Amino acid sequence: LSLHDALPISKRHVKQRLRLGKLAPELLDAYRAGDIDLETVTAFTLGADHAAQLAVWNQVKGQSYVSPHRVRHLLTDSAISLDSALGQFVGKKAYKAAGGTITEDLFTGDNDGYMSAAALVRQLAIAKLETKAQELQADWAWTKAVLEPEYRMLQQYARVEPKPAKIPAE
């Protein structure tokens with residue numbers, strides 16, 4: 001019995017190993033052959049099934065370097081990252097409360113992951129913006145909730161530069 005054997009193993013550690021074991025066999029073979037490194041093979045665990053994993057693998061395997069970031073991006077191209085500006089604005093709690101699912105990467109931090117339903121994220125963001133716009137309507141001439149304003153829309157408004165006020169001496 002060694003010291004390592006006596007240490008408790010966390011649930012997260014077990015989940016990570018099980019997730020690696022569920023990778024497509026071709027990816028495990030590529031890892032064993034040294035074609036991809038550990039960080040890259042763990043990125044493939046974001047793939048929901050072998051078909052998704054292999055589709056991305058076939059897309060990147062001929063490259064001189066397979067980036068874990070690129071793999072994550074290809075596997076989650078229709079998802080929104082929790083740490084993106086939009087993901088942070090909506091929030092994990094509100095998204096899950098609305099019935100959204102989170103695809104988590106077990107090999108990074110606890111707050112890392114992807115919001116799977118991009119349309120739901122945008123819907124929640126617009127609703128949150130519209131609520132704020134209604135609050136501001138009492139003090140502003142007009143308000144409009146827009147996630148990604150187009151350049152043409154912004155060009156119709158001029159920037160108002162602040163001017164120093166004349167303050168009486170008393």
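**Entry 1: burial and overall form**

I looked up burial in this predicted model and found that 28% of the 170 residues of the protein chain count as buried, where buried means under 20% relative accessible area, exposed over 50% and partly exposed in between, with a 1.4 Å probe and protein chains only. I noted that residues are numbered from 1 along each chain as its sequence is written, that local features need pLDDT of at least 70 and side-chain atom pairs pLDDT 80 or more, while totals for chains, interfaces and linings use all residues, and that side-chain values use heavy atoms, with hydrogens and water left out.

I then checked the extent of the chain: the C-alpha trace spans about 85 × 40 × 35 Å along its principal axes. The radius of gyration is 24 Å, whereas a compact globule of 170 residues would have one near 15 Å; this radius is taken over C-alpha atoms, and the globule rule is 2.2 Å times the number of residues to the power 0.38.

**Entry 2: helices and strands**

I counted ten helices and three strands in the protein chain, using DSSP runs numbered from the N terminus, with helices (H or I) of at least four residues and strands (E) of at least two. Along the sequence I read the pattern α-α-α-α-α-α-β-α-α-β-β-α-α.

Is T40 buried or exposed? I found T40 in helix α4, residues 38-43, and T40 counts as buried because its relative accessibility is 0%. Leaving aside residues up to four places away in sequence, T40 touches V66, S67, P68 and V71, a contact being heavy atoms within 4.5 Å.

I next turned to T101, which lies in the loop between α8 (92-97) and β2 (102-103). T101 is partly exposed, since its relative accessible area is 49%. With the sequence neighbours up to four places away again set aside, T101 touches Y95, Y114, M115 and S116. I also looked up T101 and K61, which are 40 residues apart in sequence and 29 Å apart in space, C-alpha to C-alpha.

**Entry 3: the largest pocket**

Which residues lie nearest the centre of the largest pocket? I found 15 residues in its lining, with W140, W142, T143, K144 and Y157 lying nearest the centre. The elements that give two or more residues to this lining are α9 (118-136) and α10 (151-155), and α9 gives the most, with four residues.

Conventions: On a 1 Å grid over the protein atoms alone, a cavity is a set of points where a 1.4 Å probe fits but cannot get out, and a pocket is an open set with protein on both sides within 12 Å along at least five of seven lines; lining residues have an atom within 4 Å of a point.
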